[in-house]
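I opened this notebook to keep track of what I looked up. The entries follow in the order I made them.

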Amino acid sequence: MRARWAPAEKRAGGAVRLETLLTGFAALSAMMALIGWLWPLAALLPRWAVGFPAMVPVTSALVLGLCVALWANGTKLAQASAAAVVVCAIGVVACRIMGPFAPVPTLAPGIDATADRASIGTMIGLGLIAVPILVRAPPRLVSLMGSAAMLWSLFCLLGLLFDARALFDVPLLSGMSLPTALSILALALALLLQHRAQCWMGILAAPGASGRAARQGVLVALTLPVALGLGLKALVLSDRLSVALGVALMAGIIMAASVATVLAISHARLLADTTQRSEIAWLRTVFDTTGVAAMVFDAAGHAVLANRLAEDLTARSGGPVRWLRETRFFVPGTLEPLTGARHPGALLGVHDTRGRHYVGWIDPDRGERDLGLYVHQVDDVPGRGRITILTVTDETESWTARDHITRLERLDAAGLMAASASHEFGNIFGALQLSADVGVLQTEGAVRAQFQAVSEACLRGTRMTQRLLDLSRDGSDTSEPLDLASVIREVEGMLNAALAGEAGLMLDLPDQPVTVIANRADLVAVLMNLVMNGRDAIRDRPGAERLLWLRLGVRDGAALIRVIDAGAGMSADTLARATTPFYTSRETGTGLGLSMAESFARRGNGSLSLDSAPGTGTRVTVRLPLAGTAVQGLSGDARGDSPDLAGLTLLVVEDDPQFHDALSAALLSLGVRAVHETRAEAALARLEAGEFCDVLLSDIRLPGAMTGIDLARRAARQMPDLPVLLMAGYHDRVSRGGDAIGAMVLRKPISLRLLANAIRILRPGVDAPGPARPGPAGPIPPQRSR
């Protein structure tokens, strides 16, 4: 990264004044030297002390050129002035090398060529300042060359102060004058100040107590050694102290000063570490009061801070970093494993991961959980650079609470009928689905297309049962990533059929996917209700434009679904009560359409708003938050290739013979050996006898006194490391008990891909989770921790 060479006027006021004063001092010294050469009465101005060399006109001109370059910083004039200084300095050095004692042309006669001349050391110091300006060097090079020029000038000043004659005997420094050395020092400091934000000069220029302490320390470090050196020199010259003892005394003083400096730095570091630990403890206390699991990671992905809830959440996984990188997360609803760049562990290694992400996770103690991961990145944190703050919330309970409220709004009578029918349909469609999936995997061409058609028909049947359950108190609560634009296009024909020619439907959809986390059947039901409400409103207003608009947009991180009609509209009183269950202004209405739409939006952390007035039509807006990047693009049918599950043995407990036969054949196509039992008691006897299996797969509703929940609980006591996978035709009170024992519950009908994904999640040895890591994975024992 190259330095920003901004004009000096844009910099901070105090530092600008200081660097301007330093540059002005150098310019004044050069101009006084020129006046001294031109005016005999001012002969002392170029040398400042009798017997010292003078600043020659060539040096004065080069110093003035550098002053112009620093004043015009960032412009072409600055580069041109710096280039002239570099060329002239090279020319002077070449002349000195070709003729060491050749006089340098000046503007006044009678110059002693052995004393007043442009020193090679002067050209070196000026070149060290001019080159960074000429090439617009990066900050590190500017700091390096500016510091070198400053040290070079300090050495010359100390040499002039302690032993000028010995200094002049050095070929590089022969002819170095006091005003020249001071001018080079001033110019070097001005250059460093212009780039103080990228070099050590920023510490001295910093405001507050730290900058003030640094300036005081540097002042002491510069003046104390000089004063001590001059005192020892006086003692040596007066024969009160020998040279050797003087050197020894100086070495002792330097040692004492070095030790004191080291101790001071260590003390400051100790205070900083103590302050940092106090700040971390304070932040941890603050995070503990938020009620969410909070973790902080640095730019390298190392954990900086984790509050109590985060430590509890990740304790069994080895800490926050291992939990985030190695846990087998999946997409809620589809159970599709999140791997590679889609795995939440990848959030620590990339920029711009801010936002909300929804993932599924199998809690060893509590079963399947839905987590909300909220990522926020902060750049340029002092001492740490970029940090990532991750908060984790358990969305499972909040969704369950909302679903309980929704169930109370549904009709009990229709719910009982739909739930009973759904249980039977689940087994029927399940058998067809699994058989069709096996056919798709094992055939090609026209036969494969026929199996695919059967599979699609099963999906349609599944959605039909889902819609039946949506009317019941036992409806499906499975949410998944959905592309709203795709879903609306798919149901366009069904919506037009519902309008029955009484109104036209116009779609306004974006070309890009708009992904949210929602239940597909609920979404379709909401669209159907809103469109039919619009149709009825148009019917109630004779002469109204017989056209409905269905628009989809994105604003402020949320998807906006709008249904707009030009119908009769609603009065203020009707508008205030429109979403109240069973309230309707029509004789034939049920009063549930807008209520169900609002409940759907609320379950998705969104909202529903109405904009209407009599005679002007109605606009209904459903707002849903967009899905996070960790699950975007994963909606729809994610079949892919058949996973390799060969060698696994499953104990299958299922009383429906048709569904069991299809399930066994499907598992066999994946290389899985299935051992069948129809009653929980017989399966438990196998386990108690020591018979081995990799996974226990059981229906929840079984004949006899023992349910699948009871079997899973007894199996956990007998074999604590045995993974348990439960199946349910519908989620009643008994079915939901699977969450309490830490088991995953699958909803019938089950596709082959969904079943394979569930087995991959429960069996750590099937494939490796998390972001891709180089090299083959080592052997993994055939069990999972519970």
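Are Trp 323 and Trp 361 buried or exposed? I looked both up in this model, which is predicted. Both Trp 323 and Trp 361 are buried.

Entry on aromatic pairs. I found that the structure holds three of them. One is Trp 152 with Phe 155: the ring centres are 6.5 Å apart and the planes are at 35 degrees, so I noted the pair as tilted. Trp 152 and Phe 155 are three residues apart in helix α5, which puts about one helical turn between them. I noted Trp 152 as partly exposed, because its relative accessibility is 21%. Phe 155 is also partly exposed, at 48%.

I then went back to Trp 323 and Trp 361. Their ring centres are 5.8 Å apart with the planes at 90 degrees, so this pair is edge-to-face. Trp 323 is in helix α11 (residues 320-326) and Trp 361 is in strand β3 (residues 355-363), so the pair ties together parts 38 residues apart in sequence. Ring pairs join Phe 329 to Trp 323 and Trp 361 in a cluster.

Entry on Ser 147. I located Ser 147 in helix α5 (residues 139-168). Ser 147 has a relative accessible area of 13%, so I wrote it down as buried. Beyond its neighbours within four places in sequence, Ser 147 is in contact with Leu 192 and Trp 200.

Entry on the surface. Ile 35, Leu 38 and Trp 39 make up a nonpolar patch there, with about 330 Å² of accessible area together. Ile 35 belongs to helix α1 (residues 13-38) and is partly exposed, at 41% relative accessibility.

Last entry. I found Arg 551 over the face of Trp 549, 4.6 Å from the ring centre.

Technical notes. Residues are numbered from 1 along each chain as its sequence is written. This is a predicted model: local features need pLDDT of at least 70, side-chain atom pairs count only at pLDDT 80 or more; totals for chains, interfaces and linings use all residues. Side-chain values use heavy atoms; hydrogens and water are left out. Patches are made of residues with over 30% relative accessible area and no salt bridge: like charges are joined within 9 Å, nonpolar side chains (Val, Leu, Ile, Met, Phe, Trp, Tyr) within 5 Å. Accessible areas come from the Shrake-Rupley method with a 1.4 Å probe; for residues, only the protein chains shown count as cover. A salt bridge is a side-chain nitrogen of Lys or Arg within 4 Å of a carboxyl oxygen of Asp or Glu. Helices (H or I, at least four residues) and strands (E, at least two) are DSSP runs, numbered from the N terminus. Buried means under 20% relative accessible area, exposed over 50%, partly exposed in between (1.4 Å probe, protein chains only). Contact means heavy atoms within 4.5 Å. Rings of Phe, Tyr and Trp (its six-membered ring) pair if their centres lie within 6.5 Å; planes under 30 degrees apart count as stacked, over 60 as edge-to-face and the rest as tilted. A charge sits over a ring if NZ of Lys or CZ of Arg is within 6 Å of the ring centre and within 35 degrees of the ring normal.
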